[in-house]
Amino acid sequence: MAISARRRRTGLAAWGFALPFTILFAVFMLVPVASSLYMAFTDMHGADLRTPWAVNFVGFDNFAAALADPKFQQAAGNTLYFVGVAMPLTLGIALLLAVLLNSGLVWFRSVFRVGFYAPVVTSIVAVAVVWRFLLQPDFGIVNSALGLVGIDGPRWLTDEVWAMPSLIMMATWRNVGYSMVILLAGLQGIPRDLYEASAIDGAGAVRQFRSITVPLLRPTLLFCAVITGIGYLQFFEEPFVMTQGGPLGATNSVAYEVFNQFGFGNYGLSAAMSYVLFVAIVILSYLQFRLLRTEK
């Protein structure tokens, strides 16, 4: 009985400490998520805010309308393009930098770590504004530098061909430092004895990287891939600040289209689009776990 009473008191004390967070989480997370799921199956518009429970249930009509919408299809294609190029580019550069820093080939490694990580902690809006000025076609630093060597730079953010690569370049520059630091920590956790033993057996640097580094780094790579993929599927600030989804929708993303539809008052349609994006995130994460999971 004494043990049960003590356990009950411990449980009540634990719930007492957790109660403030639980209330905040329920009010600001669970309720909005449940409300958005409810909206996805209704015809709610901006005029229905005063009577949210009087809207009509439309089933999966919003999802069908979203998938049939040419703007949403273009936004989905743009998002896949962005993720398909930016994610492997970010992880590849981050892994290369982490290997160089871990090998000791780079002097002042602490300075380089801070330099590469600084963009991560900088506001994405501030970064996007700076890059928008850097990529100005007439007086931007990038085209001015290209002009010094006789190259006529393109109109980076107003050309349908170059607009998305410009966003990919900026996003890669900003996010590579985060994955680099995580991968560097993973590399430093690999025992040096394995490399020394493989070198004695005649394994070169490439063979060591393929047979030791990559297999032992797979859990870390999985974490970086999942985090990067989730973030890139939701990319919004870049087109919002730099291109407003243009030119001609070339940089419109799913998240930006959700924002636009919500601004138009199409709450049910925007909620359905957001859940399509959620399903895409789940699918991508599942594929990454299947590809990079560690074998038992």
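Me: Which residues does UniProt place in the feature "transmembrane region"?

Reply: The UniProt record, an unreviewed entry, puts that feature at residues 12-41, 80-102, 114-134, 162-185, 216-235 and 267-287. UniProt positions follow the numbering used here, feature names are shortened, and annotations may be inferred rather than shown by experiment. What you have here is a predicted model, where local features need pLDDT of at least 70 and side-chain atom pairs count only at pLDDT 80 or more, while totals for chains, interfaces and linings use all residues. Residues are numbered from 1 along each chain as its sequence is written, and side-chain values use heavy atoms, with hydrogens and water left out.

Me: What is the helix content of residues 12-41 and of residues 216-235?

Reply: Helices (H or I, at least four residues) and strands (E, at least two) are DSSP runs, numbered from the N terminus. Residues 12-41 are 97% helix and 0% strand, with end C-alpha atoms 39 Å apart. Residues 216-235 are 85% helix and 0% strand, and their end C-alpha atoms lie 30 Å apart.

Me: Which residues make the nonpolar surface patch?

Reply: Patches are made of residues with over 30% relative accessible area and no salt bridge; like charges are joined within 9 Å and nonpolar side chains (Val, Leu, Ile, Met, Phe, Trp, Tyr) within 5 Å. Accessible areas come from the Shrake-Rupley method with a 1.4 Å probe, and for residues only the protein chains shown count as cover. Here Leu19, Phe21, Ile23, Leu24, Phe25, Val27, Phe28, Met29 and Leu30 form a patch of about 910 Å². One of them, Leu24, sits in helix 1 (residues 2-40).

Me: Is Thr79 buried or exposed?

Reply: Buried means under 20% relative accessible area, exposed over 50%, and partly exposed in between (1.4 Å probe, protein chains only). At 2%, Thr79 is buried; this residue belongs to helix 3 (residues 70-103).

Me: What does Thr79 contact?

Reply: Contact means heavy atoms within 4.5 Å. Apart from neighbours within four places in sequence, Thr79 touches Leu233, Phe235, Ser253 and Val254. The side chain of Thr79 also reaches the backbone oxygen of Ala75 at 2.8 Å. For a polar contact, look for a pair of N or O atoms within 3.5 Å; within protein, one must be able to donate a hydrogen and the other to accept it, and residues adjacent in sequence count only if both atoms are side-chain atoms.

Me: How many salt bridges does a search of the whole structure find?

Reply: Side chains of opposite charge can pair when their charged atoms come close. A salt bridge is a side-chain nitrogen of Lys or Arg within 4 Å of a carboxyl oxygen of Asp or Glu. The search finds one: Arg155 with Asp138, their closest N and O atoms being 4.0 Å apart. Arg155 is in the loop between helix 6 (141-148) and helix 7 (163-188), and Asp138 in the loop between helix 5 (124-134) and helix 6, so the pair ties together parts 17 residues apart in sequence. Arg155 is partly exposed at 46%, while Asp138 is exposed at 63%.

Me: Which peptide bond is cis, and where is Pro247?

Reply: Most residues other than glycine have a negative phi, and most peptide bonds are trans. The bond from Gly246 to Pro247 is cis, with omega near -5°. Pro247 is in the loop between helix 11 (237-242) and helix 12 (254-263). That loop also holds Gln244, with a positive phi of about 55°, and Leu248, with phi near 55°. Gln244 is partly exposed at 48%, whereas Leu248 is exposed at 68%.
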